[in-house]
Amino acid sequence: MAAGLVLFHRLADPASASVRIWIVDRGLKSRIDFQNVESEGAEPFAALGGGAVPALWDGARLHVGPYDIRLALGAIIAAEEKSIT
């Protein structure tokens, strides 16, 4: 998986929780840095122009919302699998 993936989230946010669970259930947690925007992730998220959570930083773009995050991760995984074969 691409280096530098960061999930910006809030612990008490239901949408953030659904994305965290989705990531963990697929065995991707070790590849994605979870950053709480109410603590350690506040400054980096603000620097990226972040507003709504959950949001995934892929090193080039901020994907906002559960649907966009799942699409982005699916595309990243597919691209990696294609490059392996």
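Let's start at glycine 65. Glycine 65 sits in the loop between strand E4, residues 62-64, and helix H3. Is it buried or exposed? At 16% relative accessibility, glycine 65 counts as buried, because the cut-off for buried is under 20%. Now look along the chain to isoleucine 77. Glycine 65 and isoleucine 77 are 12 residues apart in sequence. In space, their C-alpha atoms are 18 Å apart. One caution before we go on: this is a predicted model.

Next, the core. In soluble globular proteins, nonpolar side chains tend to be buried together. Here, the largest nonpolar core has 13 residues. Which of them have the most contacts inside it? They are Leu7, Ile23, Ile32, Leu56, Ile69 and Leu73. Helix H1, residues 14-25, and helix H3, residues 66-84, each supply at least two residues of this core. The largest share comes from H3, with 4 residues.

Take one member, isoleucine 23. What does isoleucine 23 touch, once residues up to four places away in sequence are set aside? The list is Leu7, Leu28, Lys29, Ile32, Phe34 and Leu73.

Now the two helices, H1 and H3. Two packed helices are described by the angle between their axes and the distance between the axes. For H1 and H3, the angle is about 20° and the axes are 10 Å apart. Angles under 35 degrees count as roughly parallel, so H1 and H3 are roughly parallel to each other. H1 passes H3 in a right-handed crossing. Which residues meet there? From H1 come Ala15, Ser18, Val19, Trp22 and Ile23. From H3 come Pro66, Ile69, Arg70 and Leu73. By class, this contact has 7 nonpolar, 1 polar and 1 charged residues.

Stay in H1 for serine 16. Serine 16 is in helix H1, and it is buried, with a relative accessible area of 0%. Leaving aside neighbours within four places in sequence, serine 16 is in contact with His9, Arg10, Val53 and Pro54.

Those last two names deserve a stop. Most peptide bonds are trans. The bond from valine 53 to proline 54 is cis, with omega near 0°. Where is proline 54? Proline 54 lies in the loop between helix H2, residues 42-47, and strand E3, residues 55-57.

On to a strand. Aspartate 33 has its place in strand E2, residues 33-36. Its relative accessible area is 37%, so aspartate 33 is partly exposed. Which residues does aspartate 33 contact, leaving aside neighbours within four places in sequence? Leu5, Val6 and Leu7. Valine 6 is 27 residues from aspartate 33 along the chain. Yet the C-alpha atoms of aspartate 33 and valine 6 are separated by 4.6 Å.

Last stop, glutamate 43. Glutamate 43 lies in helix H2. Buried or exposed? Glutamate 43 is exposed, with a relative accessible area of 69%. Compare its position with tyrosine 67. Glutamate 43 and tyrosine 67 are 24 residues apart in sequence. C-alpha to C-alpha, they are 24 Å apart in space.

Note on methods: Residues numbered from 1 in each chain as written. Predicted model: local features only at pLDDT ≥ 70, side-chain atom pairs only at ≥ 80, totals over all residues. Heavy atoms only, no water. Core = buried A, V, L, I, M, F, W, Y, C linked by side-chain atoms within 4.5 Å. Buried < 20%, exposed > 50% of the residue type's maximum accessible area, 1.4 Å probe, protein only. Contact = heavy atoms within 4.5 Å. Axes fitted to C-alpha atoms, helices over the stretch in contact; angles between N-to-C directions. Parallel < 35°, antiparallel > 145°, perpendicular 65-115°, else oblique. Left-handed = near helix turned anticlockwise from the far one by under 90°. Nonpolar A, V, L, I, M, F, W, Y, C, P; charged D, E, K, R; others polar.
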